[in-house]
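Before reading on, please take a moment to look over the whole chain.

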Amino acid sequence: MANFLERSRLDDDSTVLYSSTASPHESTTSSSSSYHSPSPPRHCTTPYRLAVRNLSHSIQPKRKLSNLFRRPSHQQKPTNILESVSFVAKSSEILGVVGPSGAGKSTLLRIISGRISNSEFDPKCISLNDHPISTPAQLRRICGFVTQEDNLLPLLTVKETLMFSARFRLREMTAKEKEERVSLLLEELGLSHVADSYIGDEETRGISGGERKRVSIGVDVIHDPKILLLDEPTSGLDSTSALQVIELLASMAKARQRTIILTIHQPSYRILEYISSFLLLSRGLVAHSGSLSSMEETISHKGFKIPDQINALEFAMEIVRVLEDSNNAKSLSSCEDPEAPAYSRWLEYEEANEAGQEMKNGADDRSMGCCYYWRLSEIIYLSWRFWKTIYRTKQLLLARTMQAIVGGLGLGSVFLNVKKDENGVAERLGFFAFSLSFLLSSTVEALPIFLQERRVLMREASRGAYKVSSYIIANTLVFIPFLLVVALLFAFPVYWLVGLNPSIAAFTFFVIIVWLIVLMASSLVLFLSAVSPDFISGNSLICMVLGAFFLFSGYFIPKENIPRYWIFMYYVSLYKYPLDCLLINEYWSSRRQCFSRNQGPDSECLLTGRDVLRSRGLEEEGRWTNVGIMLGFFLFYRVLCWIILARKASRTML
């Protein structure tokens, strides 16, 4: 049934879905907008009424070290965030949740949107068209949730951002239908004129703050949710941009018969015209629930007069404690709505059909292999998005290219034509060690990009847009050829300038080792970016780990001299195996060649290639074993990253 409604809406969407009749006053305010709205089309949609009754929520304070040794009677009690909150949100209207800081507005929105655990959810408190909501997963399916932060990729255009969201979330549609949906949504959001502009951030010039907020709204309404929740949609916007966002939401509510609930701070007179009813919270309690006119009547009945220079809502915030005491004396039956029974049966029918359709789709996926096809599509879309991000991140592209070329030429000029004597052996070992350190540390600049993408990944993966495993696979597929180019740019100049083993086979193996080194480093950075909360701690962690790996590589301290309790670091060091590979590649074919002889008539060879290898414990030609271990490290850190990100995504409530 849901799919039928989705396609029927698409048929009706041949005209633009934007409404200019959001309120009686819109004709006087639309001139402030940067877009104009045609009349809305007719929709065969069902109105939805969200009812919340006696909703309470508390959190257990975190246990401090000083409380661990106290008796249970002295432990801190749970903190009540919400207490007996009741209200009704109707279709085609905007409900504004207001109140002072700490009133519980954002917590209320998280609960309604299903962004809490099953153990915290009370199935008796929330109903849709008098149909009880039993799990948070049901709310997440029917609600779109726009967070206060705009978690968008800055180097994608507006159209690309919406298009990728459509590809991930509108799985039942064809490519042409997705294109049509995005085109209609761009017009509805008033973003057609900036469709090809970058989202932008502090470093990249992009669209305005109001336009960015509309893109965030578009990302979460691309699948046409029944209910739309927004946390502070006007935060950080100027008055004109804030008005445009509220105008847009009012039009979407009318055109789509969508139920919209938002939190807002100190709305202006013009914004108040678009909000149908208000829920005023104070210390987790309801101080008022109803229209602005009913709020004015309540204030008047209390003997207060609203000053001319402020609106009723601002004044209500000043006397919120008085209103709170008055409202608590009222009966909770005020949440009843006589219109509710008219369409409660229809919702039950729709919910049953949706559940049946989901079960059918699940069976089809298992029997027909659709799941595998979709996973492949996920990987392709994510790979394409990764490539766009890398290509457009000029700093990263330029930095990696210049590091490889300048690093290769610089090292080659320092170790130019190293001689094949005893001093040359020491110089080659120093060159290999420094090259390893240079290559492994050259991927640190990708950390901020991974951290930025992680916020977007957590939002998209937690909402079921795609699997975290698809993200990791796509990242791997994109970075493998990219880092191969980096390896070639470094290896070509440095290998021949230094004068290493002149055979083509040895040069090819050298390129493979350099490639594996940067791949391992990329996996390590990806893993550490998954566990690091920010750039500073992530950068410190990377430096510390690489420093420890270098110390226990066997270059500074021979394996025999490493303390027994630290010997495990020798075997997990990312420096050890590539260093052994480089030495084998250089000296195995010349293991009988003499690099040092004693002076005198009875000349005797003091140092051969075999002796160099024996000093590292390399008695056999095990280069391909080391290559396998390096590939293992490359995959191991990515699997660890996948486990950590998947665990975080399962706990993320964005």
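Helices (H or I, at least four residues) and strands (E, at least two) are taken here as DSSP runs, numbered from the N terminus, and the expected span of a helix is 1.5 Å times one less than its number of residues. What is shown is a predicted model, in which local features need pLDDT of at least 70, side-chain atom pairs count only at pLDDT 80 or more, and totals for chains, interfaces and linings use all residues. Residues are numbered from 1 along each chain as its sequence is written, and side-chain values use heavy atoms, with hydrogens and water left out.

Helix 7, which runs through residues 209-221, has 13 residues and reaches 19 Å from its first C-alpha to its last, close to the 18 Å expected. Calling a residue buried when its relative accessible area is under 20%, exposed when over 50%, and partly exposed in between (1.4 Å probe, protein chains only), one finds that helix 7 is mostly covered, with eleven of its 13 residues buried. Among them are Glu211, Lys213, Arg214 and Asp220, as well as Val215, Ile217 and Val219.

The C-alpha atom of aspartate 238 is separated by 8.6 Å from that of glycine 209, 29 residues apart along the chain. Aspartate 238 is partly exposed, with a relative accessible area of 43%, and its side chain reaches the backbone nitrogen of serine 241 at 2.9 Å.

The view can now widen to the nonpolar cores, each a set of buried Ala, Val, Leu, Ile, Met, Phe, Trp, Tyr and Cys residues joined through side-chain atoms within 4.5 Å. The largest has 99 residues, and Leu524 and Leu645 have the most contacts inside it; helix 19 (residues 504-531) gives the most to this core, with 19 residues. A second, separate core of 57 residues includes Val215, Ile222, Leu248 and Ile271, and Val215 is one of the buried residues of helix 7.

Taken as a whole, the protein has 24 helices and twelve strands, and buried residues make up 53% of its 654 residues. Of the contacts with a separation of 6 or more, 76% are accounted for by residues 24 or more positions apart.

Key
A polar contact is a pair of N or O atoms within 3.5 Å; within protein, one must be able to donate a hydrogen and the other to accept it, and residues adjacent in sequence count only if both atoms are side-chain atoms. Contact means heavy atoms within 4.5 Å.
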